[in-house]
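Me: I am new to this structure and would like to learn how to read its features one at a time. Could we go through them together?

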Amino acid sequence: MWADNETARDFLNFAGIADTVAEIIVQTKGRPISIGVSGAWGIGKSSLIKLTQASLSDRPRKEADREFIFVEFNAWLYQGYDDARAALMDVIASKLQVEAEKRETAIDKVAGIVKRVRWLRGVKLMAGDAVALALGLPPIGLLSKAINLGKGLLDNVDQDGLNEAKKLAGEVGEAADGLLAPKPQSSPPKEIQALRDSFEEVLEELGVTLIVLIDDLDRCLPSTTISTLEAIRLFLFLKHTAFVIAADNEMIKHAVRKHFEGVSDDLLVTNYFDKLIQVPIRVPSLGTQEVRAYMMMLFVENSDLSDEVKERIRSGICQQLRQTWQGKRVDRAFVQTLHEDFPPELVGKLDTADRLAPLMTTASGISGNPRLIKRFLNALAIRMTISKAHGVGVDEAVLAKLLLFERLANSKAYAELIAAASASDMGKPAFLADWEAKAAAGAELGLTAPWDDVFIMEWLRLPPALWSVPLPMDRGLSTKL
């Protein structure tokens, strides 16, 4: 099984793109920069973000160069639990606090930033108390809550109630002593500008460049997406800062339309995001060579080979991918040249990847999407485990072909395939014999609905032929992906 996590190891041949993003940041020499990494769900944006961070961290640093410090922010994790805008401000302030304490400098200035962030957060989280806060008074909402709680305690006092009262009393006192409230002459605009000024001063005194990595915006609800973008805008275009934002452009446009109801002009919607992004970079789709290489690297990663051998194979495959424009090919034969003693089981998996790659690239239900490929391989691994538990012993290549049809073919065609196998005494879909033979020979089939599909034509050519193979459909192997 493979975890659906981003990785700092390159399985998608993205190292060149990541190095380019890193070089753009280095060449700014302190000027602010915002880079948008766009692409569809599951295409590898998160991994590209990780690879960019690794590329910046691994660069040799001259004495005059500033150190890069990184803030990783996933807005999706805060959705439903916290305000994304406030959370991002907190995360950045906390990172600066850690760095200031480590370097024993700018500690007081960072404390000022933390205090301003708390105040701005208070204004957001207690919008109804904004006037009271601006006047330096305790928030009415907190006092009202305390009064209501006090009335409840008169009727029924228990330990939980006392704990809640103690907590609330602390919150009211905290607001009253000025932790959340600004000076009487303060206002949100003044505090925001003071925050930006202090932010630049702290980065200068620390001698660092802050790299903020924003991920998973396209998983968020529209309100969370907009809230995060507004927080980015607060810190954007300040010296010695770089923002790398990973998001699907179409999801961002959807969020903007939902936020600004009535806005239908696509140009206005696009401009909203464009004003935040100086350098747009689109994650490229994978071709057949990349898909084949990706699947093979996943199989190698999940094998019993040593970590050293796995890394040597991964590095060799990526190096070969960079030369595919010269006619070099990544296939099972090439991968086997990278290690002299592949286990037979792994060789079989590499062969499966070799044969499946073209369909995994062109079929509209997967289209070379790394996340969907990994999901398919995980489903294949589960089905193989089920077959072994039932003592079925189905061949992995047969099961892979069957699962591919299940996922990507017309549902009516799949139902007919299952019905034919179930009706046969041996569980064989014998009606496929003529079609598979003609497909292998490149002959015309003249298929009719629901079989008249380009995918099915390609699938019929894919070895092994299934017409003579018993399909164990009664063993829990036909569950939809």
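Me: Does phenylalanine 405 count as buried or exposed, and at what relative accessibility?

Reply: This is a predicted model, in which local features need pLDDT of at least 70 and side-chain atom pairs count only at pLDDT 80 or more, while totals for chains, interfaces and linings use all residues. Residues are numbered from 1 along each chain as its sequence is written, and side-chain values use heavy atoms, with hydrogens and water left out. Buried means under 20% relative accessible area, exposed over 50%, and partly exposed in between, using a 1.4 Å probe and protein chains only. Phenylalanine 405 has 0% relative accessibility, so it counts as buried, and tyrosine 414, at 7%, counts as buried too.

Me: How many aromatic pairs are there?

Reply: Rings of Phe, Tyr and Trp (its six-membered ring) pair if their centres lie within 6.5 Å, and planes under 30 degrees apart count as stacked, over 60 as edge-to-face and the rest as tilted. By this rule there are nine aromatic pairs. In the pair of phenylalanine 405 and tyrosine 414, the ring centres are 6.4 Å apart and the planes are at 35 degrees, so the pair is tilted. Ring pairs also link Phe405, Tyr414, Phe431, Trp435, Trp451, Phe455 and Trp459 into a cluster.

Me: Which residue lies over the face of tryptophan 459?

Reply: A charge sits over a ring if NZ of Lys or CZ of Arg is within 6 Å of the ring centre and within 35 degrees of the ring normal. Here lysine 401 lies over the face of tryptophan 459, at 4.9 Å from the ring centre.

Me: How many disulfides does a search of the whole structure find?

Reply: A disulfide is a covalent bond between the sulfur atoms of two cysteines. With the cut-off that the sulfur atoms lie within 2.5 Å, the search of the whole structure finds zero disulfides. Cysteine 220 is buried at 7% relative accessibility, and cysteine 318 is buried with a relative accessible area of 2%.

Me: At what angle do the axes of helix α17 and helix α18 cross?

Reply: Two packed helices are described by the angle between their axes and the distance between the axes. Helices (H or I, at least four residues) are DSSP runs, numbered from the N terminus, and axes are lines fitted to C-alpha atoms over the stretch in contact, with angles running from 0 to 180 degrees between N-to-C directions. The axes of α17 (residues 370–389) and α18 (residues 396–408) come within 10 Å and cross at roughly 125 degrees. Angles under 35 degrees count as roughly parallel, over 145 as roughly antiparallel, 65 to 115 as roughly perpendicular and the rest as oblique, and α17 and α18 are therefore oblique to each other.

Technical notes:
Helix = DSSP H or I, 4+ residues; strand = E, 2+ residues; numbered from the N terminus.
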